[in-house]
Amino acid sequence: MEIIDAIALMLGAAWASGINLYAAVLVLGYIGSTGYTTLPPALEVLQDPLVMGIAALMYFVEFVADKTPGVDSGWDAIHTFIRIPAGAMIAAGAAGGLDMNQAAEFGALLLGGSVAATSHFTKAGSRLVINTSPEPVTNWTASVTEDIAVVGGLWTALNYPVLFIAALILFILLAIWLLPKIWRAIKRIAAKIRGWFKNKEAPEPESAPGNEEIARRLESKSADEP
């Protein structure tokens, strides 16, 4: 069971990091420092008060940014380069508790990065589509649900590892089905935005002169002739 526990922690930490890295670090650090669970040696740094303090500060910043339509998508875009590498590193650290060789630890790094990328792009793409709605309630609901899912997912990974692994497999299958649809929706949104800009930039065509305008021009021309 120790192997199953370590695998669930590895995958759970990577999955949670892809959604909300700072919440994942804060939860892991808290449960390790309070003795609720024993973290692998490579992850004991998460229990450091300085690390937990910075994670709490950044979680507060993300809590606000993630619930502001438009700002959340920009925040997600920036964190593409933060969540995925961090999720891979945390997964490799969790796998280090199994006393595996370097090849296996590198495999855990790749697997963790893939899981973190899957959860990150599923979240970021879904939120981008949600932001097309003019009301903020859906955005807030999605954000709060994600925060709860991170805490609940890590708790499940620690207490019911087999259940978490089964749920993660279902999540990955759902993401494989959902991501192409999200991508098509994003392309439609981008095409619509480009259409708006083109319509604004295109000059309005001059209207053809009417009969009265033609008569006025002819009279003006006749008056000018000697």
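Colleague: Why is Asp66 called buried?
Modeller: This is a predicted model. In it, Asp66 has a relative accessible area of 1%. Buried means under 20%, so Asp66 is buried.

Colleague: What makes Lys123 and Asp66 a salt bridge?
Modeller: Their closest N and O atoms are 3.4 Å apart. The cut-off is within 4 Å, so the pair counts as a salt bridge.

Colleague: Why does the pair tie together parts of the chain?
Modeller: Lys123 lies in helix H5, and Asp66 in the loop between H2 and helix H3, so the parts joined are 57 residues apart in sequence.

Colleague: Why does Lys123 count as buried?
Modeller: Lys123 has 5% relative accessibility. The limit for buried is under 20%, so Lys123 is buried.

Colleague: What makes Glu146 and Arg127 a salt bridge?
Modeller: Their side chains meet at 2.8 Å, N to O. The definition asks for within 4 Å, so this pair qualifies. Both Glu146 and Arg127 are buried.

Colleague: Which residues are linked with these in a network of salt bridges?
Modeller: The network links Glu62, Asp66, Asp72, Asp76, Arg83, Lys123, Arg127 and Glu146.

Colleague: Where do Lys123 and Glu146 lie in the second largest pocket?
Modeller: They are among the lining residues nearest its centre. That pocket holds about 270 Å³ of space. H5 gives the largest share of the lining, 6 residues.

Colleague: Why does Val61 count as partly exposed?
Modeller: Val61 has 33% relative accessibility. Buried is under 20% and exposed is over 50%, so Val61 counts as partly exposed. Val61 is in helix H2. With Leu57, Phe60, Phe63 and Val64, Val61 forms a nonpolar patch on the surface.

Technical notes:
Residues are numbered from 1 along each chain as its sequence is written. This is a predicted model: local features need pLDDT of at least 70, side-chain atom pairs count only at pLDDT 80 or more; totals for chains, interfaces and linings use all residues. Side-chain values use heavy atoms; hydrogens and water are left out. Patches are made of residues with over 30% relative accessible area and no salt bridge: like charges are joined within 9 Å, nonpolar side chains (Val, Leu, Ile, Met, Phe, Trp, Tyr) within 5 Å. Accessible areas come from the Shrake-Rupley method with a 1.4 Å probe; for residues, only the protein chains shown count as cover. Helices (H or I, at least four residues) and strands (E, at least two) are DSSP runs, numbered from the N terminus. Buried means under 20% relative accessible area, exposed over 50%, partly exposed in between (1.4 Å probe, protein chains only). On a 1 Å grid over the protein atoms alone, a cavity is a set of points where a 1.4 Å probe fits but cannot get out, and a pocket is an open set with protein on both sides within 12 Å along at least five of seven lines; lining residues have an atom within 4 Å of a point. Grid points are joined across faces, edges and corners, and a volume is the space filled by probe spheres set on the points.
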